[in-house]
Every structure is written in structure tokens, then in C-alpha cells.
Amino acid sequence: MKVGVVIYPSKKLQDFANSYRKRYDPYYALIPPHMTLKARFDISESQLDDFSNKLEEIAQKHQPFTITTKKISTFHPVNNVVYLKVNPTEELEKLYADINSLEYGNPPEYAFVPHITVGQELSEGEHSDVYGQLRLLKLDFTEEVDRFHLIYELDNGVWNVYETFLLGNK
């Protein structure tokens, strides 16, 4: 089964991202706006419990933290992705590092750039137009992150939450 680990932002931030994703992201209907902590990978049913237990241990080690989003950015020229830039924090980077230190899945393909995708698989012209327009927006989202989610992919490509992990000691 394919799984990943993500943070879902608040409904307000998801609604904002979706107002653009519905036009510029072909995966709009398959997964809500999110920040990826561990990219999708294959795991067997027998390994899933162990992976989940290790995620729970990580969640208990980390306290809730605040994230801010103030601008639109892009990964161009590497790829034509337009995203909401999440300002990196020490807490977020430590959480990402701990999750990616587990022996499951592949090592990250790129350096960690916290973000929420609003457009992808855009042509050069589309990318230039969309990014040119959106980068002028004045954004100011600040919110508390107190959980992350282990998600899994269904046969039809839709992603669902398998388990939610609350940050901090209970």
C-alpha cells in the first residue's frame, strides 16, 4: 500500500489554497491541501503497525508549533509548481528530520522546502501567468500545528487519513 505523512492546514488556509488548486492542480480532487513531511512510498501491511508506532513516538517528542505563510513561490526552473511558502521553523524542520530518519520509504529527493502546492504540472506559459499573478497577493496566515497524519492512497488515487498523531505528551 502507498502511504505518506502530511500536515493538513486549517480550513481557512485549505479554502484559500483550493480556490487556486481547483484550476491549477490536477490532483485537486484526490487530496486536500497539505504540507508533505514524508513523500509517498510503498509499505506492507505487516510493516504498517511498526511505522505507526514509530510515528507516535516522534509525535510525543515534539510540541505544537506555529507556522506562517506570507507569500507565493515556485520551484521553477526545476519544475512548474506554484506554492504557498511556509516559513521554515526549527520545530518543523526537526519534525521533518525525525520522520525522515525512519528506515521506511526513500530518502527525500529534494531539500525540505515547507510548502502547500496550489498549482502543478503547468505548461511554461501557464506557470509564468499563474505565478506572475499570484506572487502579487499579500498573504498573512499564521496557525498552530498540533498534529500530523499518516495517509494512504486508495485504488482510485484518492488519499485518506489512516491515523492522526497529536504532538506533545498526553
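**Close-up views of a predicted model**

Strand β2 is the biggest contributor to the lining of the largest pocket, giving six residues. The model shown is a predicted one, in which local features need pLDDT of at least 70, side-chain atom pairs count only at pLDDT 80 or more, and totals for chains, interfaces and linings use all residues. Residues are numbered from 1 along each chain as its sequence is written, and side-chain values use heavy atoms, with hydrogens and water left out.

View A. Welcome to the pocket, which holds about 1300 Å³ of space. A pocket here is an open set of points on a 1 Å grid over the protein atoms alone, where a 1.4 Å probe fits, with protein on both sides within 12 Å along at least five of seven lines; lining residues have an atom within 4 Å of a point. Grid points are joined across faces, edges and corners, and the volume is the space filled by probe spheres set on the points. Of the 37 lining residues, look for His34, Thr36, Ala39, Arg40 and His115, which lie nearest the centre. At least two lining residues come from each of β1 (2-7), β2 (35-42), α3 (90-100), β5 (115-119) and β7 (147-153). Helices (H or I, at least four residues) and strands (E, at least two) are DSSP runs, numbered from the N terminus. Sorted by class, the lining has 21 nonpolar, 10 polar and six charged residues. Nonpolar covers Ala, Val, Leu, Ile, Met, Phe, Trp, Tyr, Cys and Pro; charged covers Asp, Glu, Lys and Arg; the others, Gly among them, are polar.

View B. The 17 residues of α2 (residues 45-61) reach 25 Å from first C-alpha to last, close to the 24 Å expected at 1.5 Å a residue; the expected span is 1.5 Å times one less than the number of residues. Buried in this helix are Leu48, Phe51, Ser52, Leu55, Glu56, Ile58 and Ala59. Seen down the axis of α2, these buried residues fall within an arc of 160°, so they line one face of the helix; the arc is that of the directions from the helix axis to the C-beta atoms. Ser46, Asp49, Glu57 and Lys61 are exposed on the other side of α2. Buried means under 20% relative accessible area, exposed over 50%, and partly exposed in between (1.4 Å probe, protein chains only). The packing partners of the buried α2 residues are β1, β2, α3, β7 and β8 (159-166).

View C. Histidine 62 counts as buried because its relative accessibility is 10%. Not counting residues up to four places away in sequence, histidine 62 touches Glu91, Lys94, Leu95, Asp98, Leu167 and Gly168, where contact means heavy atoms within 4.5 Å.

**View D. Two backbone details in loops.** Proline 77 is found in the loop between β3 and β4 (82-86), and the peptide bond leading from histidine 76 to proline 77 is cis, with omega near 10°. Glutamate 121, in the loop between β5 and α4 (124-134), has a positive phi near 55° although the residue is not glycine. With a relative accessible area of 56%, glutamate 121 is exposed.
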